[in-house]
Amino acid sequence: MGKFEVLDHPLIQHKLTLIRDKNVGTKFFRETVNEISTLMGYEVSRDMPLEDVEVETPIQKTVKKQLAGKKVAIIPILRAGLGMVDGILELIPAAKVGHIGMYRDEQTLKPHEYFVKLPSDIDQRQLLVVDPMLATGGSAIMAIDALKKRGAKPENIKFVCLVSAPEGVKALQEAHPDVDIYTAALDERLNEDGYIVPGLGDAGDRLFGTK
């Protein structure tokens with residue numbers, strides 16, 4: 001079973017509470033999602049491989065650690081996932097960005113894939129699939145299906161979200177038991193409309209100022 005981790009760093013928790021407030025405006029919401037994504041990226045990248053390299057300091061030559069060159073791709077699930085991309089790019093500016101477009105049928109709540117554009121070397125990269133909300137799990141499952149179908153290695157896929165519901169976590173773990181899940185909060189449940197309770201509402205609408 002892949003790892004499931006709630007990132008309980010005080011700054012992550014504090015900033016997430018700020019954007020749960022329904023009265024927060026689009027600009028503040030977007031900027032804070034960006035900040036949380038950077039902080040989460042720091043935690044999610046903790047196990048990136050290192051290698052020894054010789055470096056000459058002003059004092060002497062020495063052997064120290066640097067990243068071993070594992071390439072990274074950030075894969076937002078459109079459209080809300082876009083809000084998490086820039087925050088992670090702050091940390092890993094050389095990462096490539098792929099996109100997976102999903103929309104949710106309002107009647108069935110089922111996701112439908114409409115757009116997939118990925119780096120050509122997807123099988124060689126550490127993939128961070130990002131979406132602010134893990135609610136029913138349908139979009140996350142379908143996005144990871146799309147990656148695996150195109151050659152992504154399961155051990156290289158991490159799903160990163162701000163808020164998750166127990167139902168979504170369970171569904172994603174059952175569909176993709178080999179994928180690690182990182183979230184900033186595990187909330188109580190889903191309501192009858194498929195929204196996370198207490199959650200923070202529709203992340204896409206709040207990021208982009210739409211209703």
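Me: Where is the place of Arg-79?
Reply: Arg-79 is placed in the loop between β4 and α3. The model is a predicted one.

Me: What makes the peptide bond from Leu-78 to Arg-79 stand out?
Reply: That bond is cis, with omega near 5°. Most peptide bonds are trans. A cis peptide bond also joins Val-197 and Pro-198, where omega is about 0°. Pro-198 has its place in the loop between β13 (196-197) and α6 (203-208).

Me: How do you know which residues carry the feature "binding site"?
Reply: The label comes from UniProt, in an unreviewed entry. The record lists Arg-79, Arg-104, Asp-131, Pro-132, Met-133, Leu-134, Ala-135, Thr-136, Gly-137, Gly-138, Ser-139 and Asp-202. An annotation of this kind may be inferred rather than shown by experiment. Of these residues, the lining of the largest pocket includes Arg-79, Arg-104, Asp-131, Met-133, Leu-134, Ala-135, Thr-136, Gly-137, Gly-138, Ser-139 and Asp-202.

Me: Why is Ala-135 called buried?
Reply: Its relative accessible area is 15%. Buried means under 20%, so Ala-135 qualifies. Ala-135 is found in the loop between β9 (133-134) and α4 (138-149). Setting aside residues up to four places away in sequence, Ala-135 touches Ala-165, Glu-167, Gly-168, Leu-190, Gly-194 and Ile-196.

Me: Why is Thr-136 called partly exposed?
Reply: The relative accessibility of Thr-136 is 29%. Partly exposed is the class between buried, under 20%, and exposed, over 50%, so Thr-136 counts as partly exposed. Thr-136 lies in the loop between β9 and α4. Apart from its neighbours within four places in sequence, Thr-136 is in contact with Arg-104, Glu-167, Gly-168, Ala-171 and Leu-190.

Me: What makes the pair formed by Thr-136 and Gly-138 a polar contact?
Reply: A polar atom of the Thr-136 side chain lies 3.2 Å from the backbone nitrogen of Gly-138. The cut-off for a polar contact is within 3.5 Å, so the pair meets the distance condition.

Me: How do you know that strand β4 is mostly covered?
Reply: β4 spans residues 72-78, and seven of its seven residues are buried. On one side these are Val-72, Ile-74, Pro-76 and Leu-78, and on the other Ala-73, Ile-75 and Ile-77. Both faces are therefore covered.

Me: What makes β4 and strand β8 a pair?
Reply: Pairing needs at least two bridges. β4 and β8 (residues 126-130) share five, in the parallel sense, so they count as paired. Within β8, Gln-126 is the bridge partner of Val-72.

Me: How do you know that β4 pairs with β5 and β6?
Reply: β4 and β5 (residues 96-97) have two bridges in the parallel sense, and so do β4 and β6 (residues 99-104). In β6, Ile-100 is the bridge partner of Ile-77, while in β5 the bridge partner of Ile-74 is Val-97. From β4 the chain crosses through helix α3 (residues 85-91) to β5, in a right-handed β-α-β crossover.

Me: Why is Gln-126 called buried?
Reply: Gln-126 has a relative accessibility of 14%, and the limit is under 20%, so Gln-126 counts as buried. The side chain of Gln-126 reaches the backbone oxygen of Asn-156 at 2.7 Å. Residues up to four places away in sequence aside, Gln-126 touches Lys-70, Lys-71, Val-72, Ala-73, Asn-156, Ile-157 and Lys-158.

How values were computed:
Residues are numbered from 1 along each chain as its sequence is written. This is a predicted model: local features need pLDDT of at least 70, side-chain atom pairs count only at pLDDT 80 or more; totals for chains, interfaces and linings use all residues. Side-chain values use heavy atoms; hydrogens and water are left out. On a 1 Å grid over the protein atoms alone, a cavity is a set of points where a 1.4 Å probe fits but cannot get out, and a pocket is an open set with protein on both sides within 12 Å along at least five of seven lines; lining residues have an atom within 4 Å of a point. Helices (H or I, at least four residues) and strands (E, at least two) are DSSP runs, numbered from the N terminus. Buried means under 20% relative accessible area, exposed over 50%, partly exposed in between (1.4 Å probe, protein chains only). Contact means heavy atoms within 4.5 Å. A polar contact is a pair of N or O atoms within 3.5 Å; within protein, one must be able to donate a hydrogen and the other to accept it, and residues adjacent in sequence count only if both atoms are side-chain atoms. A crossover is right-handed if, with the strands pointing away from the viewer, the path from the first strand over the helix to the second runs clockwise.
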